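Please take a look at the sequence and the structure below, and keep both in view while reading the paragraphs that follow.

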Amino acid sequence: MERKMGKIIEAESVSYVYQTKYQKTRALSGVNCSFERGRVYAITGKSGSGKSTLLSLLAGLDVPTEGTLYIDGEDMRKIDRDAYRMKRASVIYQAFHLFPLLTVQENVMFPMELQHVAKKEAGAKAKEHLAKVGLPDTLYKKMPNMISGGEQQRVAIARAMASGGEILLADEPTGNLDSQNEKVIVDLLCQLAHEENYAVIIVTHNEAVAAAADVVFGMSDGVLSVVRE
């Protein structure tokens, strides 16, 4: 896979405020950080500390209230964020979020079909991605509820890869898994960063997951700090 090297995301004095009719809540305050291709990042912190808000900004679901988020040097506000989410950044969730009425292979084909890739080509590429995450072809025609949680999360990762993007954002990706499957998923995400040059960013409460990351950030009351790099 041909990918550029170096920084892909930079946050410069990023703040985010949730505003309702009655109050304002500052979820992020002056966040400065950057993320490079080929590395695994963990963002740790208590519930409500701002981790998920930062992840949603990195996913292009919203833009900062203050400060600037750059994607390969371009201001997030100025890019097509729908195209960014479809082609460049994919989110992997704790609850897998697979389509229950599509087979394993069809789930992985889905983002390619959104990009108008021909069905035959999408099917072939889906098999390649599923093989990369270590799933046997005996599972490809099964429905998600017919396979284990660890297998479902590998399908979700294969589907994220299928978009063709360079950024994998994982929100508590091992939260529903036992320790054995947790290790499989963490090892896989590290492999994708180190061998396939993805920028992998993981929000996690799990110390073992954070320990596997190349860089660890801590979030507290909306303020981000470096724990280890």
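Helix 4 is followed by glycine 134, whose phi is positive, near 85°; helices here are DSSP runs of H or I with at least four residues, numbered from the N terminus. This is a predicted model, in which local features need pLDDT of at least 70 and side-chain atom pairs count only at pLDDT 80 or more, while totals for chains, interfaces and linings use all residues. Residues are numbered from 1 along each chain as its sequence is written, and side-chain values use heavy atoms, with hydrogens and water left out.

Within helix 4, Ala122, Gly123, Ala126, His129 and Leu130 are buried, where buried means under 20% relative accessible area, exposed over 50%, and partly exposed in between, with a 1.4 Å probe and protein chains only. Seen down the axis of helix 4, these buried residues fall within an arc of 125°, so they line one face of the helix; the arc is taken from the directions from the helix axis to the C-beta atoms. On the face turned away from that buried side, helix 4 carries the exposed residues Lys120 and Glu128.

What do the buried residues of helix 4 pack against? They pack against helix 3 (104-114) and helix 5 (149-162), contact meaning heavy atoms within 4.5 Å. Helix 3 has buried residues of its own, among them Val104, Asn107 and Met112, and what covers the buried residues of helix 3 includes helix 4 and helix 5. Just after helix 3, histidine 116 also takes a positive phi, of about 65°.

Note on methods
Helix = DSSP H or I, 4+ residues; strand = E, 2+ residues; numbered from the N terminus.
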